[in-house]
Amino acid sequence: MPFQPARLGLHFEIMTLAATEDSSRSFLMTKQILKPTQNCDACNSPMVLSPCAASKSADLYIWKCGRPCKKTKNIRSGSVLSGSNLPFQHFLLLIYYFSSKSLTNVEISAYTGITEKSVGVWRATNKYQYSSLHSATSADTISHLSFPPKLLS
Ligand SMILES: [Zn+2]
């Protein structure tokens, strides 16, 4: 009989999801924390998610209008990550560690490599701005992963 691993738990699942920027970005789009579709501000046509140079966006992806206007839009546009350059991997880890009410900002900073000041800013932001994140994740279908309501309310 083949080895049947026990369920590995939330920690393993988060570390797998946050393993790369690609996997993190995909997850955040699936959960609509990053917008999974965008329309062009100029002509209202659906935009195409396209790879781009780091000089255009550090995320290495950008929304491009396929019409002649050729407008582009940052993939963080209209999300809680708009205006931030926090890597998506770090964002997922932050949400995960914030879900443990006993962890201090100093500990989370040590675990993630994010500065203590930045952890504090994100924690404060969470309290007020994450209701949309909560509704995006409450219908979670990915196994048992959910963002704790305490964090998101
Ligand atoms: Zn356009």
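Me: How does asparagine 44 count, as buried or exposed?

Reply: This is a predicted model, in which local features need pLDDT of at least 70, side-chain atom pairs count only at pLDDT 80 or more, and totals for chains, interfaces and linings use all residues. Residues are numbered from 1 along each chain as its sequence is written. A residue is buried if 20 or more other C-beta atoms, placed from the backbone, lie within 10 Å of its own, exposed if 12 or fewer, and partly exposed in between. Because asparagine 44 has 10 other C-beta atoms within 10 Å, it counts as exposed.

Me: Which loop holds asparagine 44?

Reply: Asparagine 44 has a positive phi of about 65 degrees although it is not a glycine. Helices (H or I, at least four residues) and strands (E, at least two) are DSSP runs, numbered from the N terminus. In these terms, asparagine 44 is found in the loop between helix 2 and strand 1.

Me: What is the phi of leucine 60?

Reply: Leucine 60 lies in the loop between strand 1 and strand 2, and because 14 other C-beta atoms are within 10 Å, leucine 60 is partly exposed. Although leucine 60 is not a glycine, its phi is positive, at about 65 degrees.

Me: How many bridges pair strand 1 and strand 2?

Reply: The open sheet has three strands in the order 1-2-3 with antiparallel pairing, and its edge strands, which pair on one side only, are strand 1 (47-51) and strand 3 (72-74). Two strands pair if DSSP finds at least two bridges between them. In one of these bridges, proline 51 has tyrosine 61 of strand 2 as its partner. Strand 1 and strand 2 (residues 61-65) pair in the antiparallel sense, and the number of bridges is five.

Me: Why is helix 3 largely enclosed by the rest of the structure, and which of its residues are buried?

Reply: Helix 3 is largely enclosed by the rest of the structure because eight of its 11 residues are buried. Across the protein chain of 153 residues, 20% count as buried. The buried residues of helix 3 are Phe88, Phe91, Leu92, Leu93, Leu94, Ile95, Tyr96 and Phe98.

Me: At what angle do the axes of helix 2 and helix 3 cross?

Reply: Residues are in contact if their C-beta atoms, placed from the backbone, lie within 7 Å, and this contact is made by Glu21, Ser24, Arg25 and Leu28 of helix 2 and Phe88, Gln89 and Leu92 of helix 3. Axes are lines fitted to C-alpha atoms, for helices over the stretch in contact, with angles from 0 to 180 degrees between N-to-C directions. The axes of helix 2 (residues 21-30) and helix 3 come within 8 Å, and they cross at roughly 65 degrees.

Definitions and conventions:
Two residues are in contact if their C-beta atoms, placed from the backbone, lie within 7 Å.
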